[in-house]
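Have a look at the model first, then read on.

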Amino acid sequence: MADLSSVLRATFDPQTRKQAETALEQYALQPGFALHLLTITLDGGQDRAIRLAAGIYLKNIARKRWVQDPEDDTAPIAEEDKARLRQHLIPAMISLSQPADKALRAQIAESVSLVAAVDFPSQWPNLFDELVASLSPTALHQTLSILETAHSICNPWRSAMRDNTLYSTINLVLERFAAPFLEVFRTVWVIVSGGAYSSVGDDPLIAQSMRLLSTTIKSGQYKSIYDDTNALEELVRGIVVPNVQLRDHEVEQFEDDPLEFIRLDLSLPSSSVYSSSGGDSSTRRQAAAEVIRSLVSNGYEAQATEIVSKWVNLGLQEYAKNPAENWKSKSSAIYLITAVAARSVTTQKGVTSVNPLVNIVQFFSEHIAQDLQTVGSAAHSILEVDAIRFLYTFRNQLTKEQLLSVLPVLVQHLASTSYVVYTYSAIAIERILFMKQPHTFRPLMEPSDVTSIAQPAIEMLLTKMEGGKTPEKIAENEYLMKCVMRIIITTRDRLAAEHGAILNRIVAILGAVSRNPSNPNFNQYTFESVSALIRFVVPAVPTSLSTFEQSLLPALTYIIQEDIDQFVPYAFQIVSQLLEFNHGAVPEFYQNFLAGVLQPPPWQQKGSIPGLVRLIRAYLDKDTGHLLQTKRIETVFGIIQQRLIPSKLNDGWAFELLNGTVSNVPLQSMQQYLRDLVMSLLNRLRTSRTDKFVVGLAHWICYTASLETGNYTPDTIPEVINGIQAQLWGSVLKDVMLPMMTKIPPQDKRVVIVGPLAFGALLQLFGSQAQDPAKDDDPDAGITSIDYEEQTAGYQVAYSKLAASEVVRPDPVAYAGDPKEYLMAELARAVTRTGSAVWRGLIQRCQHPAASPFLQEYTAAGHPF
């Protein structure tokens, strides 16, 4: 592994990335690999990007390979390597304590947290002893890194299930850490209020110290201190006010590094692993605002409002004396009023609870609107940003009519020459369009509400992105593309007339970025925008499908042929979406495309498998006859048996394809393949059973039994199983499948009920999951709710699902209506055929507690035995 640094460097080059990643996968299997990564991370003589790449790879090993993942076949790292890493991780943290090493330290800190979650205290009993030994009242940056590490270890316990093991662990930590921690706490007030730590490098220390003060306010344990009005006034005067003031380096960052200014100012997650900020960083301003919010939310609302309002008025008065010179005073005043007015804030929804003592609308009208009305009218661009941020923050407190009135103003600011101003405008527009009607998933804004601003807004946003001179510059600002995506999703088919021009520009951006994909979130939003255009325009204008195919299929083919691995999973999903919109004979392109899809190479990339499965499912739905005539269906079955069923990670996709085959291939054609397919399933069940696999198997058997087409019956699969071994079906049903019935997901419950397995199991389903999941009357509710910063459906290294491309498949048991009524009707028919005595005895012998109530409902519905 002497060339490990060179291999890591090669991952930065699109031309050598794939080969380098393959080499790293091989190195990862060798003993000592993780320790080599740690050594490179700490090596100050190495290029910083290489050190960071090593730290990230080490963190991913701690996440994926510290323990055996039951859904993955990758082996965990050796115990000897684990022991050596535990020995070196805390010293590594300490050696990276300086502010310049923050990005590197973040990777090691997360590694410590991931390892501790598994090994502390049983395998790592001296962890907190090591941390305590490194706390120092003089080496404050080192102390801060130790406290951050301790927080990352302990924070998950807040939401952990309470049991004796957890309490024992907490007590162990308190015994060793509480006293040294209190010593550190005693220095906090002096550090924050003394002004001795005013350099940029000290910002994390000051911010964390103020966050600690916020925690003491929330805890209620220091009420005697904060009940003193003089103490509150001193807190605001000496700590809050100085730290909400803009400093020269922040103004410089506004101009020189605007994207980092935005991420820090809004605490937005960074899309780049090379960002020093991360997603949970806190600036001095934010930490100071959190102190105020803590006071407002914990019993000091009136006092805090009165004190802060005095400082707000003072700042506004200073600004009025000389706006050109004193614009910073107004910026501080806006920040203070925002802090005292907001009880609670989330990234997704903005302010969710407000201070009733602050008139937000009046403050907006008197002091904010004037800086928002005309681009460039404010004394400084930062005041324009302050005005947009105010709207962004308090969007939930404005009526729909008020929001509609400001949307055109925000669109005007997209034309600003200031990077921060037009990006803030894009972020604010996107969040406003994301808002939902109360108590529903339906968007607040209807397509007609935004039709007038959609085309000009998209035009300006695309122009800003197209101005980038390199692939990296084009893709750096994902907030612009996210706004494009949200406008398309909100406007729906109202963009039909302009869709061709918009599509061509987005495809051109994709072509430019494909030379070196660098921003995963930008990629996600770009493909989501394309998919949303297809989703809404094609149904409204069916003839537009050919336009989409002409524009997209050559580009998607290029992506797949050139193996642009970050884009390939998206490409397969878009091709699938286009094929699904075809009606009638499948065009020749798709038939030729299928030949490549069925070859082994595409299936070797894990992230492509979901898209490939969906594509084959689309072929099955559209042209099963061609697959049967050309015998390509046998290749499909080979993929199911060899690639999908054996894989714990991908076995769910095997059942997706099996559902597709029985839905489209009649039993007469399937009969010759069923035995081998079922044998593969039973072998997997015998050698490597998981709950997920058993649930999938139960669902597929019930799915097949419930079909009204294809000549399948409830006995089809059981007969195949008994044909493999006599009476085997009874064992599979009783010992494997019935115990898993309560784990059937709600969305699959109807199929399992209608495709009967056993009466007791059905009663158990009715008892545990009697109601269907709540449904929204908007068929596109799922796409309008996508929000990748807040949900886990966002970008993943291996596979990212395009929400806009998802299809709602027909309910295979729609004919059954209400499941319980269907069961009663079918039982009544069976009683008529065989006589009531047999069924009455069966039901009476059923031990499930729901049997008697069910029988009462059955007779009450007019079905007597």
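The crossing of α17 and α18 is left-handed, a label used when the near helix is turned anticlockwise from the far one by less than a right angle. A word on the source: this is a predicted model, where local features need pLDDT of at least 70, side-chain atom pairs count only at pLDDT 80 or more, and totals for chains, interfaces and linings use all residues. Residues are numbered from 1 along each chain as its sequence is written, and side-chain values use heavy atoms, with hydrogens and water left out.

Back to the two helices. Their axes come within 12 Å and cross at roughly 155°, so α17 runs roughly antiparallel to α18 (angles over 145 degrees count as that). Here is who touches whom, contact meaning heavy atoms within 4.5 Å:

| Helix | Residues | Contact residues |
|---|---|---|
| α17 | 327–341 | Lys330, Ile334, Ile337, Ala341 |
| α18 | 360–372 | Ile360, Phe363, His367, Ile368, Gln370, Asp371 |

Next, Asparagine 523, which is found in helix α26 (residues 520–540). Is Asparagine 523 buried or exposed? Asparagine 523 is buried, with a relative accessible area of 3%; the cut-off for buried is under 20%, and for exposed over 50% (1.4 Å probe, protein chains only). Leaving aside residues up to four places away in sequence, Asparagine 523 touches Val513, Pro517, Gln566, Phe567 and Tyr570.

Finally, the rings. Phe120, Phe128, Phe177 and Phe181 form one aromatic cluster, with rings pairing if their centres lie within 6.5 Å.

Key: Axes fitted to C-alpha atoms, helices over the stretch in contact; angles between N-to-C directions. Helix = DSSP H or I, 4+ residues; strand = E, 2+ residues; numbered from the N terminus. Parallel < 35°, antiparallel > 145°, perpendicular 65-115°, else oblique. Phe/Tyr/Trp six-rings, centres within 6.5 Å; stacked < 30°, edge-to-face > 60°.
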